[in-house]
Amino acid sequence: MAPIRVQSVLISESVDPRCRSILEENGIRVTEKHNMKKDELIAEIKDYDGLVVRSATKVTSDIINAASNLKIIGRAGTGVDNVDVDAATKKGIIVMNTPSGNTISAAELTCALIMSLSRHVPQAVMSMKAGNWDRKKFMGAELYGKVLGIVGLGRIGKEVASRMQSFGMRTIGYDPITPPEVATSWGVEPMSLEQLWPQCDYITVHTPLMPSTVGLLNDETFAKCKKGVKVVNCARGGIIDEAALLRALESGQCGGAGLDVFIEEPPKDRSLVNHPNVVSCPHLGASTKEAQARCGQDIAQQIVDMVNGKNLVGAVSCSVFRGHMQTNLISSGSDQQNNIIMT
Ligand SMILES: NC(=O)C1=CN([C@@H]2O[C@H](COP(=O)(O)OP(=O)(O)OC[C@H]3O[C@@H](n4cnc5c(N)ncnc54)[C@H](O)[C@@H]3O)[C@@H](O)[C@H]2O)C=CC1
Ligand SMILES: O=C(O)C(=O)COP(=O)(O)O
């Protein structure tokens, strides 16, 4: 494939500084403008060949249509649900992400939320800071011997499984793509969702957001769970239906929720965040120095490789990307496999 000419890149969010320096070392002009409103981005984008984003920049079709020179959208992270990949494809714009750079960080935060739910650490800390010494209110339960259901056995699901197994949890899981023998080799018992729901003390979701995963946990599926089940969403807002979750928390069907992500970020409706049995974070799964360094570095290197016409073997149409059923197509930057979407 012929090299792609990229002379200018706009970075629209806080990305590790290595991203900028790698691009500049390779002769690409970089402009950083954070927190732009949609209209500002529409006005700005025509001046650039490349755009680097994280999850907060919504790269909608009107932005893409205004991007007369854009050739590459680089997502320094995993989920590309904030990018209209179809609109990009129609305009011949390449979309690429760095999906393994933040896997460990997202898995670790998931485990932190599971542990917070089991021992009420955030609530106890708040109580202490308010001047209390309440040893009765925060009675917890061990994770040892409990059942963790993992919905989505991809990169993050696998890492969560191994970490929680070290706490003595039994891990069961569902994934329509990961072969059962692979799940078993990770110590996860593969099964259908119908089998999984009633067995879990904890459920954690690690799927992309797509039509088949919207509202995976809803009124009907909550009703199939054990009373008091605790749930964690460190993947994407909406995989657990937020209204159904609130109802389940209020009825006691759900005993607690750990939420890193929301349908609307930041959430205007604070009913879930303010619920006493909810521990929440402002989408911090990938917010570690290490994950940001990997993602920033990898996305810059992938853009540079693209410009130099390197590592394009195996790049295919973006239809392969649908629903994260990504094929690992290219290896660049670090020793990780990166996913790439060609138009
Ligand atoms: N909170 C945060 O800051 C972060 C969130 N994420 C999100 O975490 C999620 C998982 O990321 P990865 O593990 O890297 O993705 P992945 O692509 O490695 O794994 C996703 C898995 O979900 C499975 N899946 C698809 N449809 C399913 C369904 N209907 N039911 C069950 N499983 C299904 C796929 O087969 C795949 O194995 C993504 O939504 C990603 O955007 C990723 C990094 C950081
Ligand atoms: O990589 C992902 O999918 C994430 O959700 C991380 O988002 P962020 O890069 O922290 O805005």
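Predicted model: local features only at pLDDT ≥ 70, side-chain atom pairs only at ≥ 80, totals over all residues.
**Overall fold**

The protein contains 12 helices and 14 strands. Its chain has 343 residues, and 51% of them count as buried. Contacts can also be sorted by how far apart the partners are in sequence.

**The surroundings of ligand 1**

Ligand 1 is surrounded by 30 residues, and the closest are Arg-155, Ile-156, Asp-175, Thr-207 and Asp-260. By class, this shell consists of 13 nonpolar, 13 polar and four charged residues. Some polar atoms of the protein can be paired with atoms of the ligand. Asp-175 has a polar side-chain atom 2.6 Å from an oxygen atom of ligand 1. Cys-234 takes part through its backbone, where a polar atom is 3.0 Å from a nitrogen atom of the ligand. In the side chain of Arg-236, an N or O atom is 3.4 Å from an oxygen atom of ligand 1. On its own ligand 1 has 870 Å² of accessible area, and the protein covers 94% of that.

The residues around ligand 2 include Arg-54, Ser-55, Arg-75, Asn-102, Arg-236 and His-283. Its shell is made up of two nonpolar, six polar and three charged residues.

| Residue | Atom of the residue | Distance to an oxygen atom of ligand 2 |
|---|---|---|
| Arg-54 | N or O atom in the side chain | 2.8 Å |
| Ser-55 | polar side-chain atom | 2.5 Å |
| Asn-102 | polar side-chain atom | 2.8 Å |

Taken alone, ligand 2 exposes 310 Å², of which the protein buries 90%.

**The nonpolar cores**

The largest nonpolar core has 30 residues, and those that touch the most other members are Val-151, Trp-197, Ile-203, Leu-217, Phe-222, Val-231 and Leu-245. Two or more residues of this core come from each of β6 (147-151), α9 (193-196), β9 (202-205), β10 (229-233), α11 (242-251) and β11 (254-259). Helix α11 gives the most, with five residues.

Beyond its neighbours within four places in sequence, Ile-203 is in contact with residues including Leu-148, Val-151, Trp-197, Leu-217, Val-229 and Val-231. Another core, of 23 residues, lies apart from the largest one, and among its members are Leu-117, Ile-150, Ile-156 and Met-169.

**A closer look at Val-229**

Val-229 is located in strand β10. Is this residue buried or exposed? Val-229 counts as buried because its relative accessibility is 1%, and buried means under 20%. Not counting residues up to four places away in sequence, Val-229 touches Cys-200, Asp-201, Tyr-202, Ile-203, Phe-222, Gln-253, Cys-254, Gly-255 and Gly-256. Val-9 is 220 residues from Val-229 along the chain, and the C-alpha atoms of the two are separated by 46 Å.

Conventions. Residues numbered from 1 in each chain as written. Chains lettered and ligands numbered in written order. Heavy atoms only, no water. Helix = DSSP H or I, 4+ residues; strand = E, 2+ residues; numbered from the N terminus. Buried < 20%, exposed > 50% of the residue type's maximum accessible area, 1.4 Å probe, protein only. Near = heavy atom within 4 Å. Polar contact = N/O pair within 3.5 Å; in protein donor to acceptor, adjacent residues only side chain to side chain. Areas by Shrake-Rupley, 256 points an atom, 1.4 Å probe, with all protein chains shown as cover. Nonpolar A, V, L, I, M, F, W, Y, C, P; charged D, E, K, R; others polar. Core = buried A, V, L, I, M, F, W, Y, C linked by side-chain atoms within 4.5 Å. Contact = heavy atoms within 4.5 Å.
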